[in-house]
Amino acid sequence: MEIERLRYLSQAGLDRLEWIHDPRCTVCGHPFDGWIEGERTCPHCLEIPPAYDRALCAFRARGSARNIIHKIKYQQSPWLIEDLVTAALDNPQFRRHCAGSFLVPVPMHSHKKRERHYNQAERIAQALVHQAPGCTYMNALTKILPTISQTKLGRTERRTNVAKAFALNPNIKLNTHARYVVVDDVLTTGATLHACAHVLRKAGIKNVDALALAHG
Ligand SMILES: [Zn+2]
């Protein structure tokens, strides 16, 4: 992609982004290293299917993408989001995955938002709406319980940790026939995106997908 479209990211930073290509899990987007024929679902998704139909991530959460996301989350640099979203949407598959959908950010608990001043998932969803065709931003969910960081938890613990953390935003009007895509910065085991998708499913939405900028 042309570096001119980016405001802050250098050519070196762009070159170090590791795009995820097929083959990958058709449900959670987990990249398969090596050559696999046809469509495949990873063992985790076969064992406990997530509430979303399909998740897609643009980059691997290592190297350059990991550094940028770390800066976005922990070093008060939300302005880097726009560039990372521009780079992600350069991938036609990622662009198609967003197009024409209601984009629902993973909500942050009010205590944490007060601390960080912004929710990176909201900023990512807003940046995607600006750049991807036919998307609508929708703050459909709220975080009703604070949760501990998922980083040191295992796969099952992560699901339990966030299981009852999310709810529908009061007074939100949903179109149960539309496609909703839950948006986060990083998908690790998919527990958070699953918990959010579950709330949307319970509200009667049939078409629920997910996306994250990075998979790690
Ligand atoms: Zn999977």
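Author: Let us begin with a pair of helices, H8 and H9, which pass each other in a right-handed crossing; please keep in mind throughout that this is a predicted model.

Reader: What makes H8 and H9 oblique to each other?

Author: The two helices pack at an angle of about 40°, with their axes 9 Å apart. An angle under 35 degrees would count as roughly parallel, and one from 65 to 115 as roughly perpendicular, and H8 and H9 are therefore oblique to each other.

Reader: Which residues of H8 and H9 meet?

Author: From H8 come Arg 158, Arg 159 and Val 162, and they meet Ala 191, Thr 192, His 194 and Ala 195 of H9. Sorted by class, this contact holds three nonpolar, two polar and two charged residues.

Reader: How do you know that the length of H9 agrees with what a helix of twelve residues should span?

Author: Helix H9 covers residues 191-202, and at 1.5 Å a residue its twelve residues should span 16 Å.

Reader: Why is H9 called mostly covered?

Author: A residue counts as buried if 20 or more other C-beta atoms lie within 10 Å of its own, and nine of the twelve residues of H9 are buried. Those buried residues are Ala 191, Thr 192, Leu 193, His 194, Ala 195, Cys 196, Ala 197, Val 199 and Leu 200. They pack against several elements, among them strand E1 (55-60), helix H8 (155-162) and strand E7 (207-215). After H9 comes Gly 204, whose phi is positive, near 100°.

Reader: Is Tyr 180 buried or exposed, and how do you know?

Author: Tyr 180, which lies in strand E6 (residues 179-187), has 28 other C-beta atoms within 10 Å. Since the cut-off for a buried residue is 20 or more, Tyr 180 is buried. Leaving out residues up to four places away in sequence, Tyr 180 touches Ser 101, Phe 102, Val 104, Leu 200, Ile 205, Asn 207 and Val 208. As for Arg 201, it stands 21 residues from Tyr 180 in sequence and 9.9 Å from it in space, C-alpha to C-alpha.

Reader: Why does His 117 count as exposed?

Author: His 117 is found in the loop between helix H6 (110-116) and H7, and it has 8 C-beta neighbours inside 10 Å. Because a count of 12 or fewer is the cut-off, His 117 counts as exposed. Its phi is near 75°, a positive value in a residue other than glycine. Asn 171, in the loop between E5 and E6, likewise has a positive phi, near 70°, and with 5 other C-beta atoms within 10 Å Asn 171 is exposed.

Reader: And what makes Arg 16 partly exposed?

Author: Arg 16, in the loop between H1 and H2, has 16 other C-beta atoms within 10 Å. A residue is buried at 20 or more and exposed at 12 or fewer, so with a count in between Arg 16 is partly exposed. Leaving aside its neighbours within four places in sequence, Arg 16 is in contact with Gly 63 and Ser 64.

Notes. Residues are numbered from 1 along each chain as its sequence is written. This is a predicted model: local features need pLDDT of at least 70, side-chain atom pairs count only at pLDDT 80 or more; totals for chains, interfaces and linings use all residues. Helices (H or I, at least four residues) and strands (E, at least two) are DSSP runs, numbered from the N terminus. Two residues are in contact if their C-beta atoms, placed from the backbone, lie within 7 Å. The expected span of a helix is 1.5 Å times one less than its number of residues. Axes are lines fitted to C-alpha atoms, for helices over the stretch in contact, and angles run from 0 to 180 degrees between N-to-C directions. Angles under 35 degrees count as roughly parallel, over 145 as roughly antiparallel, 65 to 115 as roughly perpendicular and the rest as oblique. A crossing is left-handed if the near helix is turned anticlockwise from the far one by less than a right angle, and right-handed if clockwise. Ala, Val, Leu, Ile, Met, Phe, Trp, Tyr, Cys and Pro count as nonpolar, Asp, Glu, Lys and Arg as charged, and the others, Gly among them, as polar.
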